[in-house]
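The following report covers selected local features of one protein model. Please consult the sequence and the structure while reading.

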Amino acid sequence: ESIIIYPFDIVASMVLNSDSSFQKIQLKDTRFLISDFALLAMQGTIDLPSPQQFNIFIDTLKIDHKKLLEIIPEQFLEGMENLKLSGESNLTARIFTTIPEKAEPIIDVNSEIIIQGDVDYPENELLINDFKGHIFFTTNGKTAKALIDAQIDTVTLTTLQDDPISDITFT
């Protein structure tokens, strides 16, 4: 079965600085707008002499849930035709990578993801109001750690309960 992926636009803008040998490159005010569902803004430096170093700062990766849902191929939403999402996700990150000439790469990533929104999933008679999630993620390339907090104002299972479950917290 064919999967139909609807076209979307990517608009990029970038400011680069470099020394005359192109061994040290600075990315300044680099932005990617992906249709109207995502925006990536970042900056960083790339050092090419040994050891090579890549330092990237993602100022924001913002994704609009409703608009993202609109471009997902229909085959993936089978049985969820009436699913509605709202809200957005925002990611910020700091990524440092060093590639020594004769050793394993060194990776240091710190990121934060903030998610907020609502879910209306009538096929499963589920309604989630005011979901908020906060994820801190770190890795050194060998181990990773994630701290997750989430709050939900109300959850309603329309066929099982008259009153919603309120004030749900996960840590």
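Methionine 80 lies in the loop between α1 and β5, where helices (H or I, at least four residues) and strands (E, at least two) are DSSP runs numbered from the N terminus. The model is predicted: local features need pLDDT of at least 70, side-chain atom pairs count only at pLDDT 80 or more, and totals for chains, interfaces and linings use all residues. Residues are numbered from 1 along each chain as its sequence is written, and side-chain values use heavy atoms, with hydrogens and water left out.

At 23% relative accessibility, methionine 80 counts as partly exposed; the classes are buried (under 20% relative accessible area), exposed (over 50%) and partly exposed in between, with a 1.4 Å probe and protein chains only. Once its neighbours within four places in sequence are set aside, methionine 80 is in contact with Tyr121 and Glu123, contact being heavy atoms within 4.5 Å.

**Surface patches**

The loop between α1 and β5 also holds phenylalanine 76. Together with Ile3, Ile5, Phe8 and Ile10, Phe76 makes a nonpolar surface patch of about 520 Å². Patches are made of residues with over 30% relative accessible area and no salt bridge; like charges are joined within 9 Å, and nonpolar side chains (Val, Leu, Ile, Met, Phe, Trp, Tyr) within 5 Å. The accessible areas come from the Shrake-Rupley method with a 1.4 Å probe, and for residues only the protein chains shown count as cover.

A negative surface patch is formed by Glu1, Glu74, Glu78 and Glu81. Here Lys and Arg count as positive and Asp and Glu as negative, while His and the chain ends are not counted. The place of a charge is taken as NZ of Lys, CZ of Arg, CG of Asp or CD of Glu. Glutamate 74 is located in the loop between α1 (65-71) and β5, and its relative accessibility of 57% makes it exposed.

**Salt bridges**

How many salt bridges does a search of the whole structure find? The search finds 6, a salt bridge being a side-chain nitrogen of Lys or Arg within 4 Å of a carboxyl oxygen of Asp or Glu. Three of these pairs are listed below.

| Acidic residue | Basic residue | N to O distance |
| aspartate 29 | arginine 31 | 3.2 Å |
| glutamate 104 | lysine 142 | 3.3 Å |
| aspartate 130 | lysine 132 | 3.5 Å |

The pair of glutamate 104 and lysine 142 links distant parts of the chain, 38 residues apart. Glutamate 104 belongs to the loop between β5 (84-99) and β6 (106-121), and lysine 142 to the loop between β7 (126-139) and β8 (144-157). Both residues, glutamate 104 and lysine 142, are exposed.

Aspartate 29, by contrast, is partly exposed at 46% relative accessibility, and arginine 31 is partly exposed with a relative accessible area of 36%. Lysine 132 counts as partly exposed at 40% relative accessibility.

**Backbone geometry**

Aspartate 130 lies in strand β7 and is partly exposed, with a relative accessible area of 30%. Its phi is near 60°, a positive value in a residue other than glycine. Glutamate 125, found in the loop between β6 and β7, likewise has a positive phi, of about 50°, although it is not a glycine. Glutamate 125 is partly exposed at 31% relative accessibility.

Which peptide bond is cis? The bond from serine 50 to proline 51 is cis, with omega near -5°. Proline 51 occupies the loop between β3 (38-47) and β4 (52-64).

**Two residues in strands**

Is threonine 97 buried or exposed? Threonine 97, in strand β5, is buried because its relative accessible area is 16%. Not counting residues up to four places away in sequence, threonine 97 touches Gln52, Gln53, Phe54, Asn55, Ile106 and Ile107.

Phenylalanine 136 is found in strand β7 and is partly exposed, with a relative accessible area of 36%. Leaving aside its neighbours within four places in sequence, its contacts are Ser111, Glu112, Lys145, Ala146 and Leu147. The C-alpha atoms of phenylalanine 136 and serine 20 are separated by 39 Å, and these residues are 116 residues apart along the chain.
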